[in-house]
Amino acid sequence: MFDRYKTGEQAVLVHIYFSQDKDTEDFSEFESLVSSAGAEALQVVTGSRKAPHPKYFVGEGKAEEIADVVKASGASVVLFNHSLSPAQERNLERRCECRVIDRTGLILDIFAQRARTHEGKLQVELAQLRHIATRLVRGWTHLERQKGGIGLRGPGETQLETDRRLLRDRISLILRRLGRVEKQREQGRRARTRADVPTVSLVGYTNAGKSTLFNRMTSAGVYAADQLFATLDPTLRRISVADVGDTMLADTVGFIRHLPHDLVAAFKATLQETRQASLLLHVIDAVDIRVNENMEAVNTVLAEIDSDEIPTLLVMNKIDMLDDFVPRIDRNDENLPIRVWLSAASGEGLSLLYQALTERLSGEIAHYELRLPPQAGRLRSRFYQLQAIEKEWNEKDGSIGVVVRMTSVEWHRLCKQEQSLIHFIV
């Protein structure tokens, strides 16, 4: 769509420090993004400014320096750890004579590589099209008005107008398809709500270990790797939690500082699982030196998708990389679990996480000793399905004595379904 130079895998990285936010940009994270995208960093250009230059973002002299580095190194792409305006990107491409990609474009490229499902590919394409739509200006400078023969003359469309129309049509088509996907997900959520199946959603900074923890809890075999955005497509699995029963666990895409807004909007259907969750498991890399900044970045995205009011349990992961650290549960003044320290890689502390889930999800517990008459075989079977029977014995009159323990929600639901028998027994 653009008259641009061919891209390659060898890149020059550019990072500019601004006086007002020197501590907010992490260059090592940018290098991880570049590595995740499959590019090789040949050289790094750094500098400092008080404010971005309107034409080149980096200033005339620094732009010339970047162009010289590109020619000397033979790089075929320049990657900026900043968001560039369409005009700045285009001006830098003319000066450097190669492709220039900003942080947003780099993240979109990683997402495009990771997408596997039909839904994920649609979401990435939507985000890319919205990003490209702002960069169509003068994208076809070699073409003017389209002209026809006799009887076809007229104002016509410029190539730019044609591109915009095609983009709008494609975006509308993708939105309709994603709308259907969202309806399907909503049907599944309604079914789980009717069955009173709680949903626990894993959220956290990218590469915090969410997929590793998900695999440890479900044996799902979800792809997990030590790289940014290893997980893109959402995965849901059922797990069994004591005194709660069946619980839906959702693995979601990781967040990152300065996550492109178009990407958040495109992944609305996926993030809906987070918005409808009963509890959020905020997985945190406990050994990351920027742990507080990462938590703040996640909380910012949660607020953007209206999920900041959902109850949250912090999961401090990777304690196996800390010296002499043992798993534990931190509690608040009301003795409610607020933080669990564990290692998803080794499984150390996983039992404490299940204990915390039980306490956070179960609410009130119903505990009864019942006598089941011979005609209550179906009810006894239901108790076993719910894993609610703690003790069972035979009475002399042929009835069966049981001690049951379950959540109040499940007990009241069972009372409605088996009203006559429960009333008779109790």
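Predicted model: local features only at pLDDT ≥ 70, side-chain atom pairs only at ≥ 80, totals over all residues.
Residues are numbered from 1 along each chain as its sequence is written, and side-chain values use heavy atoms, with hydrogens and water left out.

Back to the two helices. Packed helices are described by the angle between their axes and the distance between those axes. Helix α1 (residues 27-36) and helix α4 (residues 103-114) pack at about 40°, their axes 9 Å apart. Axes here are lines fitted to C-alpha atoms, for helices over the stretch in contact, and angles run from 0 to 180 degrees between N-to-C directions. On the α1 side, Glu-29, Phe-30, Leu-33, Val-34 and Ser-36 meet Arg-103, Leu-106, Ile-107, Ile-110, Gln-113 and Arg-114 of α4. The residues of this contact divide into six nonpolar, two polar and three charged. Here Ala, Val, Leu, Ile, Met, Phe, Trp, Tyr, Cys and Pro count as nonpolar, Asp, Glu, Lys and Arg as charged, and the others, Gly among them, as polar.

Now zoom out. The chain has 14 helices and 14 strands, taken as DSSP runs numbered from the N terminus (H or I, at least four residues, for helices; E, at least two, for strands). Of its 426 residues, 49% count as buried, where buried means under 20% relative accessible area, exposed over 50% and partly exposed in between, with a 1.4 Å probe and protein chains only. Take the contacts with a separation of 6 or more: residues 24 or more positions apart account for 70% of them, a contact being heavy atoms within 4.5 Å.

Seven of its nine residues are buried, so α7 is largely enclosed by the rest of the structure. Those seven are Lys-210, Ser-211, Leu-213, Phe-214, Asn-215, Met-217 and Thr-218. Their cover includes β5 (199-204), β6 (235-241), β7, β8 (279-285), β9 and α11 (350-362). Just after α7, Ser-219 takes a positive phi of about 55°.

One piece of that cover, α11, packs against α7 at an angle of about 85°, with the axes 12 Å apart. The pair is therefore roughly perpendicular. Leu-213, Arg-216 and Met-217 of α7 make the contact with Leu-350, Leu-353, Tyr-354 and Leu-357 of α11. That contact divides into six nonpolar residues, no polar and one charged.

Strand β7 (residues 245-251) holds Thr-247. At 0% relative accessibility, Thr-247 counts as buried. Leaving aside neighbours within four places in sequence, the contacts of Thr-247 include Val-197, Val-200, Ile-239 and Leu-361.

Finally, Pro-327 sits in the loop between β9 (312-317) and β10 (328-331). Pro-327 counts as partly exposed, because its relative accessibility is 23%. Not counting residues up to four places away in sequence, Pro-327 touches Ile-319, Trp-341, Glu-348, Gly-349 and Leu-352.

Conventions. Parallel < 35°, antiparallel > 145°, perpendicular 65-115°, else oblique.
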